[in-house]
2 protein chains.
Amino acid sequence: MTAGRVLLLVLDGISDRPCSELGGRTPLEAAETPVLDRLAREGICGIMDPIGPGIRPGSDTAHLSILGYPPDRYYTGRGPLEAEGCGIHMEPGMIGFRANFATLDREGRVADRRAGRIHGTAPLCDAIEKEVRLKHGISFRFRPGAGHRAALALKGADLGPRVSSNDPKTEGLQPPEIKPLTREAKDRRTAEACNDFLRQAGAILADHPLNRSRKEEGLPPANTILLRGAGEMGRFEPFADRFHMQGSVIAAATLITGIGRAIGLESVPVPGITGSADTNLGGKVKAALAELGKKEFVLLNIKGADEAGHDGLPVQKREFISRVDTALEPLLSLEDTLVVACGDHSTPCSIRDHSADPVPLVIRGEGVRVDRVTRFSETACAEGGLHRIPGSALLPILLDLVNRARKYGA
Amino acid sequence: MTAGRVLLLVLDGISDRPCSELGGRTPLEAAETPVLDRLAREGICGIMDPIGPGIRPGSDTAHLSILGYPPDRYYTGRGPLEAEGCGIHMEPGMIGFRANFATLDREGRVADRRAGRIHGTAPLCDAIEKEVRLKHGISFRFRPGAGHRAALALKGADLGPRVSSNDPKTEGLQPPEIKPLTREAKDRRTAEACNDFLRQAGAILADHPLNRSRKEEGLPPANTILLRGAGEMGRFEPFADRFHMQGSVIAAATLITGIGRAIGLESVPVPGITGSADTNLGGKVKAALAELGKKEFVLLNIKGADEAGHDGLPVQKREFISRVDTALEPLLSLEDTLVVACGDHSTPCSIRDHSADPVPLVIRGEGVRVDRVTRFSETACAEGGLHRIPGSALLPILLDLVNRARKYGA
């Protein structure tokens, strides 16, 4: 028996280090996880260095690596991936930026980097896309992301990605001009286009009805845009060509849907998903099961544990992991499917950021050699039959298990 | 105490995945293997990715890797290695092909790709070597392999390896002309030489007394030759220079003896070895023991388990493994010798082909650190003290254990 499909469940930032608040256990060790434990008992476990031992991954580089696209070759900054995740079709050579709507005070200083965590910015983006005109034949897209977030993409001949950000990072400072970081003409052109875009967009936002009504309600207006994460979109060999499987991605984070779209996975929207602890877990799992009826590969990213780690909250992280586990129960009855669960990186509460600690990994389904691990945790999985693998090995191993690998030699 | 010699026993395709026919065990787990288990108990175990995690190896690339010759550098197709295994001394630059004797019907279509699994083709090969004359100063060798198999080698200035096969793969089709796969003159020269060879050989075979008597007996005549696996012989640093040990190879498969000869191992013939379940196991083991009296390194390849895997027969595979184990009993009393047992790749019955699942590995002999593994199987060895190693690490580890490694640094 060989499984025909793969569900890759990435539990974003799930793994951790021992927490004194949890009696020296990690949030994953302290959580109630009967579903993940059953996967461990029925499958083969291991630990994985998403990129390599001691390399502290971003969510973007980790996902690229785990999906079989080595970040040293494929990663060109977060901007183009965020833009793709905001629904902009990024062609190779386009320059992408992450964007925040923000609030400037009367002196032109940043009063709120997130414009009061504004939601529903599509009308602002639409107005900007309709009215802004850039010079030198440069076209652009500007689309909303989650909450105050958005993405800008520039398209034109000879644009470079090496430009600075206008995000002063701290409130109370004026956003600086965007500057080229090299002396190359193409980076200068990009910087000029950004500054031109920001001037015109600022004028449109200042007068926009949505901002007028926010001011009337005493809410901070979204009267400026902060750009960062500039990068040039690369050329990704489509996932279906590379791994001989059609695939979908289900994720709340635009970064992850962006990575999925960039490599040719179909992005499946799920109502009510937020990327936080209040996300619609059941809806995501249901959507994943539905996709497995149509595709051979589904990437399902669940993000809340990462947030608790960034916030340094081990108890909340433990609770969220238990809730995730409950929502995963329908995966246990999947047939003809490899269910793969792992983290993309560790987010230790003690560090409040990503760490290079390996992530736990389980592969459960037809044909796997079952080891003696009975618990899904950082230390239990370290005793498993997969041992310690690099993230780059995961897709080749899965491809081999579903019998879509090609033989090297005869 | 340090062992002075190494017996590398490659149990071709021995490892597998859980088989429902064997109650969820692998054939190796289900087999009676007291000898291999004793090696495991007295030695150090691990699992090995012959080439790398998730890379599905051929027997050729796996053996090259395990023998310390990285296939990405040394592998140039199966043809030249098969030719070497058929006793042709392949010089760097020569072009080698695998060959089948086959039967054409009156309309020139392939009626039997194996000419009724003909044996004893040496007279046919001799006649062809004597009578065929190629143009442009190209010389050739054409030697028999096992059964209907043979090998062709071309030698001449400026011959290229990138040419197509004339094997239509399915019976009932005419063999196509061999064509160059590039526009390079050297590949064109090779294709022309092959087609010329095939025309002349066909005429010789049509009239050959052996084929006339086959027809009289109602057997399909070997009246044509199918060529495939073209490759250019590379330059192999001799094993003795690379690893400071003189070595021999004992294998039924011409591919394995060819690899052994290519790297400078002496090929030791054993009567009655077939590469199948009916092979002369005792004879091979006896020959290996005899060689260890003369050489520091012996590669012993036993192939039958691989065949059962390719045929998808878990019970037969289990039985063959048990028989192999019985035949290995004399190895237990070897002294001053590292006995190393491993697979070259897995051949799961569920896949009927090679897979990338790691292979079990045991090293037993003077000086090894004995771990707690007591069973030679895929999952038991995964708990061993060697952990998970790449095939490229095996020879350096063995060299170190027999104290022939050189220090790096001071």
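**Exercise 1. Two helices of chain B**

Find the angle at which helix H6 (residues 122-131) and helix H7 (residues 185-207) of chain B pack, and decide how the two are oriented to each other.

*Solution.* Keep in mind as you work that this is a predicted model.
- Step 1: H6(B) and H7(B) pack at an angle of about 130 degrees, and their axes are 10 Å apart.
- Step 2: Angles from 65 to 115 degrees count as roughly perpendicular and those over 145 as roughly antiparallel, with the rest oblique above that range. H6(B) and H7(B) are therefore oblique to each other.
- Step 3: Look at the handedness: H6(B) passes H7(B) in a right-handed crossing.
- Step 4: Now pick out the residues. H6(B) contributes Leu124(B), Ala127(B), Ile128(B) and Glu131(B), while H7(B) contributes Ala201(B), Ile204(B) and Leu205(B).
- Step 5: Sorted by class, this contact of H6(B) with H7(B) has 6 nonpolar residues, no polar ones and 1 charged.

**Exercise 2. One helix, two neighbours**

In chain A, describe how helix H10 (residues 254-262) packs with helix H3 (residues 59-66) and with helix H5 (residues 78-85).

*Solution.* 
- Step 1: Start with H3(A). The angle between H3(A) and H10(A) is about 35 degrees, with the axes 10 Å apart, and H3(A) passes H10(A) in a right-handed crossing.
- Step 2: On the H3(A) side you will find Ser59(A), Asp60(A), His63(A) and Leu64(A), which meet Leu255(A), Ile256(A) and Ile259(A) in H10(A). The residues of this contact of H3(A) with H10(A) divide into 4 nonpolar, 2 polar and 1 charged.
- Step 3: Turn to H5(A). H5(A) and H10(A) pack at about 90 degrees, with axes 6 Å apart. The two helices H5(A) and H10(A) are therefore roughly perpendicular to each other.
- Step 4: Among the residues of H5(A) in this contact are Arg78(A), Leu81(A) and Glu82(A), and those they meet in H10(A) include Thr254(A), Gly258(A) and Arg261(A). By class, the contact of H5(A) with H10(A) has 5 nonpolar, 4 polar and 4 charged residues.

**Exercise 3. The sheet of chain A**

In what order do the 8 strands of the open sheet in chain A stand, and which strands are at its edges?

*Solution.* 
- Step 1: Trace the strands across the sheet: the order is S9-S8-S10-S1-S11-S12-S2-S13 in chain A, and the pairing is mixed.
- Step 2: Strand S9 (266-267) and strand S13 (387-390) of chain A are at the edges; each has a single partner strand, so one side of each is left without a neighbour in the sheet.
- Step 3: Zoom in on one pair. Strand S2 (residues 44-49) and strand S12 (residues 359-364) of chain A pair in the antiparallel sense over 5 bridges. Within S12(A), Val362(A) is the bridge partner of Cys45(A).
- Step 4: Helix H11 (residues 281-292) of chain A lies across S1, S8, S10 and S11 of chain A, running at about 170 degrees to S10(A).

**Exercise 4. A hairpin in chain B**

Describe how strand S6 (residues 139-144) and strand S7 (residues 149-155) of chain B pair, and find the residue with a positive phi in their hairpin.

*Solution.* 
- Step 1: S6(B) and S7(B) pair in the antiparallel sense over 6 bridges.
- Step 2: Opposite Phe142(B) stands Leu152(B) in S7(B).
- Step 3: The hairpin has 4 residues between the strands, and Gly147(B) takes a positive phi near 60 degrees.

**Exercise 5. Bringing the chains together**

What rotation superposes chain B on chain A, and how many residues does each chain give to the contact?

*Solution.* 
- Step 1: A rotation of 120 degrees, with 0.4 Å of shift along its axis, superposes chain B on chain A with an RMSD of 0.1 Å. The two copies are thus related as by a three-fold rotation axis.
- Step 2: The copies use different surfaces, since 4% of the contact residues of chain B recur in chain A.
- Step 3: The contact takes 28 residues from chain B and 21 residues from chain A. Strand S3 (56-57), helix H3 (59-66) and helix H14 (378-381) of chain B each supply at least two residues of the side of chain B that touches chain A. That side of chain B divides into 10 nonpolar, 10 polar and 8 charged residues.
- Step 4: Strand S14 (residues 407-408) of chain A and S3(B) pair in the parallel sense over 2 bridges, and Tyr408(A) stands opposite Pro57(B) in S3(B).

How values were computed:
Residues numbered from 1 in each chain as written. Chains lettered and ligands numbered in written order. Predicted model: local features only at pLDDT ≥ 70, side-chain atom pairs only at ≥ 80, totals over all residues. Least-squares fit on C-alpha atoms with pLDDT ≥ 70 in both. Contact = placed C-beta atoms within 7 Å. Nonpolar A, V, L, I, M, F, W, Y, C, P; charged D, E, K, R; others polar. Pairing = 2+ DSSP bridges. Axes fitted to C-alpha atoms, helices over the stretch in contact; angles between N-to-C directions. Left-handed = near helix turned anticlockwise from the far one by under 90°. Parallel < 35°, antiparallel > 145°, perpendicular 65-115°, else oblique.
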